[in-house]
Amino acid sequence: MAPRAGKGEYIETDTGNKVSRKAHISGTQHIILAGRTVIQADVTLRGDLVRPSVPGEKSATSHPVSLAIGRYTILKPRSVLRPPGRLHRGVWTYHPQKIGDHCSIGEDSVVEAAYIGNHCVIGKGAVIGKHVIIKDYVKVLPDCVVPPGMVVPSQTVIGGRPGRIVGEVGDGWGAAGGEGGELREAYRKIG
């Protein structure tokens, strides 16, 4: 069992998010945390990578969302989240990234997915390519490289380099007592 973190290491927001003082967060006005999210030390969030505004186009909001992270999601040390980007009509543009509720992003992982569903576990050292869509209840094994543009169906296990479906998660996985549902207890132990 890991030692409990020091009292001053995390900043707790009004909505219960716990953010390490050692996290590297850029573009905070473009990042939405749904509540009770944990961002551990040396995590990099690239909220500064947003879609450029088009002259003459009216925007519904002055701060477009770059990263949206769901409730009880834990971002482990040295993981990197950045929105997917591509060249469009000669201009490099970024698209929003959404991560669902009750997710865990492993240590040393790099995530450029467009969408990660609820109750997903991304293993240690995994690389999720640009514009990947991961549905609900998915487990990505450690050191897996999911190729850009892949759509991962629900209740599957992905592994290998390049990532392929190697199995299915069992019934009840991700539920309150299952493997993916222990994030509330992990949240309580931090900070």
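Modeller: A residue counts as buried under 20% relative accessible area, exposed over 50%, and partly exposed in between (1.4 Å probe, protein chains only). This is a predicted model, where local features need pLDDT of at least 70, side-chain atom pairs count only at pLDDT 80 or more, and totals for chains, interfaces and linings use all residues. Residues are numbered from 1 along each chain as its sequence is written, and side-chain values use heavy atoms, with hydrogens and water left out.

Colleague: Is Arg78 buried, exposed or partly exposed?

Modeller: Arg78 has 39% relative accessibility, so Arg78 is partly exposed.

Colleague: How many salt bridges are there?

Modeller: Side chains of opposite charge can pair when their charged atoms come close. A salt bridge needs a side-chain nitrogen of Lys or Arg within 4 Å of a carboxyl oxygen of Asp or Glu. The count here is five. One of them joins Arg78 and Asp108, at 2.7 Å from N to O. Arg78 lies in the loop between β8 (74–75) and β9 (80–81), Asp108 in the loop between β13 (104–105) and β14 (110–111), and the two are 30 residues apart. Strands here are DSSP runs (E, at least two residues), numbered from the N terminus.

Colleague: Which residues are linked in a network of salt bridges?

Modeller: Arg78, Glu107, Asp108 and Lys124. Within it, Glu107 and Lys124 pair with their closest N and O atoms 4.0 Å apart.

Colleague: How many aromatic pairs are there?

Modeller: A pair of aromatic rings is described by the distance of the centres and the angle of the planes. Rings of Phe, Tyr and Trp (its six-membered ring) pair if their centres lie within 6.5 Å; planes under 30 degrees apart are stacked, over 60 edge-to-face, the rest tilted. The count is one: Trp92 and Tyr94, edge-to-face at 6.3 Å centre to centre with 75° between the planes.

Technical notes: Helices (H or I, at least four residues) and strands (E, at least two) are DSSP runs, numbered from the N terminus.
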